[in-house]
Amino acid sequence: MTAIPSRLIPLISDIVGSDNLTSRIEDLHCYSYDGTARPHLPGLIVFPRNAEQISKIMKLASTHRIPVVPRGAGTGMTGGIVPVAGGIVMALTKLDAIVEIDTDNQIGIVEPGVITGEFQAAVRKKGLFYPVDPASLKYCSIGGNAAECAGGPSAVKYGVTKDYIIGLEVVLANGDIITTGARTEKSVTGYDLTRLFVGSEGTLGIITKLIVRLLPIPPHKQTFLLTSTSLRRTTQMVSEILNHNIQPCTLEYMDKTAIDAVSSFMENPPPETAQALLIVEIDGEKANVTKQAAKFISLVSDRSEFTLREATTQVEVEQIWQARRAISPSVLKLRPHKIGEDVAVPRSRIPELVEYTEKLSEELGLMILTFGHAGDGNIHVNIMLDRSNGAEVERAEEAKERLFRQAISLGGTLSGEHGIGLSKKPFMRYELNEATLELMKKIKTMFDPNHILNPGKIFPA
Ligand SMILES: Cc1cc2nc3c(=O)[nH]c(=O)nc-3n(C[C@H](O)[C@H](O)[C@H](O)COP(=O)(O)OP(=O)(O)OC[C@H]3O[C@@H](n4cnc5c(N)ncnc54)[C@H](O)[C@@H]3O)c2cc1C
């Protein structure tokens, strides 16, 4: 653990103002954890207001080799903001301006602390659409989304965060302020550093401004709930829908346990016999939506194992989404703790992945549920457990390890959207060979030679 020399505190206070830093123990505890609940205390929390203040702090941190952990809203699921080496938490909540919404060119310029859902609402007021919609959108920050390359249900049609960020302002470990990309749709001036920073989990630089692409609001949307008495037929249906030239903007899946955990949120929940369900939404121009919806209805209508219901009111649509977004917190009423993983596989392999989790559940005597963004093969696997039961913890860790191996053997990846952080770094070698990891480490060292930016993350020991 790196202690912060006491003579640095007044220097940092001069930079940000005495109201914008704290080392009170109760504050340190609040900034010691994220969704993974494995806390580590920082030495100091600072709340800078702009890139210049961050630059000055980074110069001090660099000179004195003090670890700095950038922090957005703290909703991460992999321990990305946990200050494992102590040092400074750089809380970016006060960089919270929507600087510009340029309707002529359909771009937004935004500071990292802006809450994603609030940004979506602001651009919508101007007739524009920012599609990236993580289930945490009411709480997470757009800077955290960029650092994790967050995705959401709409990724099946609209892609993920990296598809919308066209430029960045970033403060480097040595305090230099750089810009990447441009406010144009196209720019090939030099290397694509924007893509390198997106998904870099706060290890290469601190994002202080983002230029994002916006789209026109799709004028029409239809929402369907497809319930099924067969888990296998449901997971197979994902590829079938997409192979029938239907392009949904949502193709979300829940297994029976996930349904049971959230059905109380719906006035009209799926029947007891439902083994799985898909939420299917189609958006766009009305004529096209009607045509695609008709194709979808005819695809499922003569299959006895499926029941299709269309949400006919906005209230019904909202209830479906409230239920979907509540899965992550609601499952904790089933068991006190969970290991939540977000592996992704090619979508034709989803049935095999889900069947494998059923096998793990049976063999290891664990409750395991699956749900998530089936349209892009990103299945959330929640291994439920009670951490006070040592034997169960061991079995759950075994289940996680076997899940990763299986996902990779199916042509998949450790993480579709939550990132590596602390939780998945021991497993990086399952997916990447030594040469690839070495190249990544060299990039890290070039950007951050003293390894002060978010140390201890991503790379296996
Ligand atoms: C209930 C729930 C549902 C979720 N659903 C989804 C989902 O559907 N899709 C999805 O992708 N994720 C989801 N997540 C995970 C999480 O919300 C995302 O990873 C989100 O992008 C994190 O944003 P944040 O602002 O909370 O970042 P934090 O947790 O504060 O930080 C995450 C990482 O980003 C780095 N970071 C933050 N800000 C910056 C910055 N400005 N510059 C450089 N690095 C920075 C941090 O160092 C850390 O490594 C969910 C989480 C919860 C709790």
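Biologist: Which residues of helix H4 are buried?
Modeller: In H4, which covers residues 116-125, the buried ones are Thr116, Phe119 and Val123. Buried means 20 or more other C-beta atoms within 10 Å of the residue's own, exposed means 12 or fewer, and partly exposed is in between, with C-beta atoms placed from the backbone. Helices (H or I, at least four residues) and strands (E, at least two) are DSSP runs numbered from the N terminus. This is a predicted model, in which local features need pLDDT of at least 70 and side-chain atom pairs count only at pLDDT 80 or more, while totals for chains, interfaces and linings use all residues. Residues are numbered from 1 along each chain as its sequence is written.

Biologist: Why do the buried residues of H4 line one face?
Modeller: Looking down the axis of H4, its buried residues fall within an arc of 60°, so they line one face of the helix. The arc is taken from the directions from the helix axis to the C-beta atoms.

Biologist: And what is on the face turned away from the buried side of H4?
Modeller: That face carries Ala121 and Lys125, which are exposed.

Biologist: What covers the buried residues of H4?
Modeller: The cover includes strands E5 (98-102), E6 (107-110) and E7 (128-129), along with helix H5 (142-148). Just after H4, Gly127 has a positive phi of about 80°.

Biologist: Moving to the ligand, how many residues surround it?
Modeller: 37 residues do, and the closest are Gly72, Gly76, Gly80, Gly144 and Gly202. The cut-off for near is a C-beta atom, placed from the backbone, within 6 Å of the molecule. Two or more residues each come from strand E3 (68-71), H5, strand E10 (206-213) and helix H12 (327-330).

Biologist: Which element gives the most to that shell?
Modeller: H5, with five residues. By class, the shell has 15 nonpolar, 17 polar and five charged residues. Ala, Val, Leu, Ile, Met, Phe, Trp, Tyr, Cys and Pro count as nonpolar, Asp, Glu, Lys and Arg as charged, and the others, Gly among them, as polar.

Biologist: Where does the ligand lie relative to domain 1 and domain 2?
Modeller: Domain 1 (8-91) and domain 2 (98-216) both give residues to the shell, so the ligand lies between them. The bounds come from an automatic or database domain assignment, which also gives domain 3 (220-328) and domain 4 (335-430).

Biologist: How many residues of domain 1 and domain 2 are in contact?
Modeller: 15 residues of domain 1 are in contact with 20 of domain 2, where contact means C-beta atoms, placed from the backbone, within 7 Å. On the domain 1 side, helix H3 (51-64) and E3 each supply at least two residues, and H3 gives the most, with seven. The centres of the two domains, taken over C-alpha atoms, are 22 Å apart.

Biologist: What does Glu281 contact, leaving aside neighbours within four places in sequence?
Modeller: Lys221, Gln222, Thr223, Pro248, Cys249 and Thr250.

Biologist: Last one, how many helices and strands does the protein have?
Modeller: 16 helices and 18 strands. Buried residues make up 48% of the 461 residues.

Notes:
Two residues are in contact if their C-beta atoms, placed from the backbone, lie within 7 Å.
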